[in-house]
Amino acid sequence: MHENQLKNLRESFKVLAERRVEIIEDPMIRELKETVKNIRETSIKNLEKLLQRVGESFEDNDIEFYIAETGEEANNIIYDIVKDEKTIAKSKSNTLTEINLVKFLEKKGLEVIETDLGDRIIQLTNDKPIHPTAPALHFNMEEIADTINEKLKVKVDANPEDIMNTIKSDVLRKLEDVNVGITGANAVAAYDGSIVMVHNEGNIGLLSLKDTHIVVFGIDKLVSTLEDAISVAKLETVYATGSRVPSYIGVVSGPSKTADIQKILLKNMYGASRVVAIALDNGRRKAPPECLWCIGCGTCITSCPIYNVVGYDFGYKGYLGGRGVAFTNFIEGERASFDAGIYMCTLCSRCTTKCPLEVPIADIIEEVRCKVQRAGYKLDAHENIKRNIKETGTPFR
């Protein structure tokens with residue numbers, strides 16, 4: 001990353017941290033944090049039971065359900081549904097980034113439109129996301145305006161409202177011809193068969209009203225009840241944005257329907273006539289339970305000294321920072337963790353002290369480093385130190 005981008009990143013992180021300071025000290029938020037920690041620990045402990053239950057609940061709610069063992073399998077399921085479309089639209093989702101859905105569909109000849117403002121900026125700049133909930137923080141307004149003018153063939157000033165309205169108009173125009181919306185999920189209630197999605201922009205609401213709504217989520221997003229799912233969504237919002245609640249918390253529990261005519265159930269009213277849920281494993285069952293507690297708020301990276309210096313070079317796709325490079329190991333193996341920067345971490349545990357769920361990221365990284373080391377992936381500097389010790393009895397020449 002360029003130094004000016006890192007400067008933009010650090011300034012944005014400072015603003016996020018200042019927003020969080022007061023709200024996380026609120027006694028109600030402290031209580032919510034303990035509640036969610038218990039929810040996530042219990043959910044991961046009972047993951048297989050919840051996975052079986054959610055399949056039954058989805059069937060009761062007329063939601064088509066698939067379990068994808070790999071990202072490739074998930075992509076193929078999605079393509080089988082959308083293969084006759086020219087354009088599909090998606091929301092921000094680390095899970096969809098994980099499986100490389102956009103590139104996969106584009107290679108198949110489909111156009112994919114990012115509807116989240118930050119992700120649309122990233123798509124236009126052909127860059128990588130820098131934060132799970134604010135992917136374009138490393139660009140200043142001038143850079144964004146220049147990109148929009150070049151890619152969309154318009155003339156917009158470096159003004160945030162003008163930038164927003166220009167991208168919004170472009171996306172809305174493209175959505176007129178879209179029949180399929182694809183989103184992720186913040187939490188999924190197994191016993192209710194309900195999918196909870198958090199957003200501030202309203203874009204997920206638009207996508208959920210398309211003829212077909214496809215939802216892809218990691219199996220680690222499962223919780224027991226809708227109440228649990230809402231609690232997770234609220235805490236994620238507090239730590240991700242410094243707000244008590246997002247503008248929208250969407251709950252999808254089936255296709256659009258009505259019974260307003262003599263209580264006769266009719267489907268396909270205003271919303272989606274088909275809802276498809278895809279639960280993705282992709283190595284999650286192999287990960288330590290603690291690694292799956294994460295609610296995706298991004299607090300760990302805003303407080304990480306390494307991430308503040310190198311940016312998204314310390315991470316993997318949408319999974320950034322220490323937890324990201326550790327999680328990478330269970331998705332794609334030791335080489336991927338090595339390339340993502342597993343040796344960059346200082347093991348300072350600042351991420352854990354700031355994490356609302358106190359995920360022991362440094363401990364997980366140490367375990368993954370051992371696996372990476374045994375697989376033969378080492379830094380030249382480490383080899384030099386090892387050689388020096390053998391030859392001279394000291395790491396130094």
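Author: Helices here are DSSP runs of H or I, at least four residues, numbered from the N terminus. The model is predicted. Ser-12 lies in helix α1, residues 3-23.

Reader: Is Ser-12 buried or exposed?

Author: The cut-off for buried is under 20% relative accessible area. Ser-12 has a relative accessible area of 19%, so Ser-12 is buried.

Reader: Which backbone oxygen lies 3.0 Å from a polar atom of the Ser-12 side chain?

Author: A polar contact is a pair of N or O atoms within 3.5 Å. In this case the backbone oxygen is that of Asn-8.

Reader: In which sense do β5 and β6 pair?

Author: Two strands count as paired if DSSP finds at least two bridges between them. Strand β5, residues 187-189, and β6 pair in the antiparallel sense over 3 bridges. Within that pairing, Val-188 has Ile-195 of β6 as its bridge partner.

Reader: What does Gly-193 do in the hairpin of β5 and β6?

Author: The hairpin has 4 residues between the strands, and Gly-193 takes a positive phi near 70°.

Reader: How many bridges join β6 to β9?

Author: There are 5 bridges between β6 and strand β9, residues 248-252, and the two run antiparallel.

Note on methods
Residues numbered from 1 in each chain as written. Predicted model: local features only at pLDDT ≥ 70, side-chain atom pairs only at ≥ 80, totals over all residues. Heavy atoms only, no water. Buried < 20%, exposed > 50% of the residue type's maximum accessible area, 1.4 Å probe, protein only. Polar contact = N/O pair within 3.5 Å; in protein donor to acceptor, adjacent residues only side chain to side chain.
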